[in-house]
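Open your viewer and keep the selection tool at hand. This tour goes stop by stop.

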Amino acid sequence: MTAKISYADVEAGTELPAQTFPVTRATLVRYAGASGDFNPIHWNERFAKEVGLPDVIAHGMFTMAEAIRVVTDWVGDPGAVVEYGVRFTRPVVVPDDDKGALIEVSGKVAAKLDDHTVRVDLTATSDGQKVLGMARAVVRLP
């Protein structure tokens, strides 16, 4: 794949198209199977509440993966991401209903760096609460 955005085409402040990602209990079960993370806080409501959570919560790494999709979809090449990190600030609570939860993600080019790279800052929220902090990716552009 080749990046579809070039370094010359972006400036600090360039906004990436925002996206919303639905999360249901079924999504969490599929992710647990793929990742091998079967911690019951991600699928068992009774257990989640017994350990002090409001309900079942999404896996942190799942939330992180959904957020970076805003960057990879924008650039067109997942291999262009050379660095990515977040802080988990709040869990994504996933109710047991037909809707589940939504993770809303926006991004902005925060800085043009050396060597044809840019830093993208991401904002991820669910139910009006910020769920990732210091979410930043460095992306190499042609």
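Here is what to select, and what you will find there.

**Before you start.** This is a predicted model: local features need pLDDT of at least 70, side-chain atom pairs count only at pLDDT 80 or more, and totals for chains, interfaces and linings use all residues. Residues are numbered from 1 along each chain as its sequence is written, and side-chain values use heavy atoms, with hydrogens and water left out.

**Stop 1: the whole chain.** Show the cartoon. The protein chain has three helices and five strands. Helices (H or I, at least four residues) and strands (E, at least two) are DSSP runs, numbered from the N terminus. Follow the sequence and the pattern reads β-α-α-α-β-β-β-β. The C-alpha trace spans about 50 × 30 × 25 Å along its principal axes. Of the 142 residues, 42% are buried. Buried means under 20% relative accessible area, exposed means over 50%, and partly exposed lies in between (1.4 Å probe, protein chains only).

Stop 2: The end C-alpha atoms of residues 17–122 lie 11 Å apart. The span is 31% helix and 31% strand.

**Stop 3: the aromatic pair.** How many aromatic pairs does a search of the whole structure find? It finds one. Select tyrosine 31 and phenylalanine 62: the pair is edge-to-face, 5.4 Å centre to centre, with 70 degrees between the planes. The pair links distant parts of the chain, 31 residues apart. Tyrosine 31 is in helix α1 (residues 25–35), and phenylalanine 62 is in helix α3 (residues 60–75). Rings of Phe, Tyr and Trp (its six-membered ring) pair if their centres lie within 6.5 Å; planes under 30 degrees apart count as stacked, over 60 as edge-to-face and the rest as tilted. Are the two residues buried or exposed? Tyrosine 31 is partly exposed, at 22% relative accessible area. Phenylalanine 62 is buried, at 8%.

**Stop 4: a charge over a ring.** Select lysine 112 and tyrosine 7. The charged end of lysine 112 sits over the ring of tyrosine 7, 4.2 Å from its centre. The rule: NZ of Lys or CZ of Arg is within 6 Å of the ring centre and within 35 degrees of the ring normal.

**Stop 5: tryptophan 43.** Look in the loop between α1 and α2 (45–50). Tryptophan 43 is partly exposed, with a relative accessible area of 45%. Tryptophan 43 and valine 29 are 14 residues apart in sequence and 6.8 Å apart in space, C-alpha to C-alpha.

**Stop 6: two positive phi values.** Select histidine 116, in the loop between β3 (101–112) and β4 (117–126). Its phi is near 55 degrees, a positive value in a residue other than glycine. Histidine 116 is partly exposed, at 41% relative accessibility. Next, pick methionine 134 in strand β5 (residues 129–140). Phi of methionine 134 is near 50 degrees, again positive in a residue other than glycine. Methionine 134 is partly exposed, at 45% relative accessible area.
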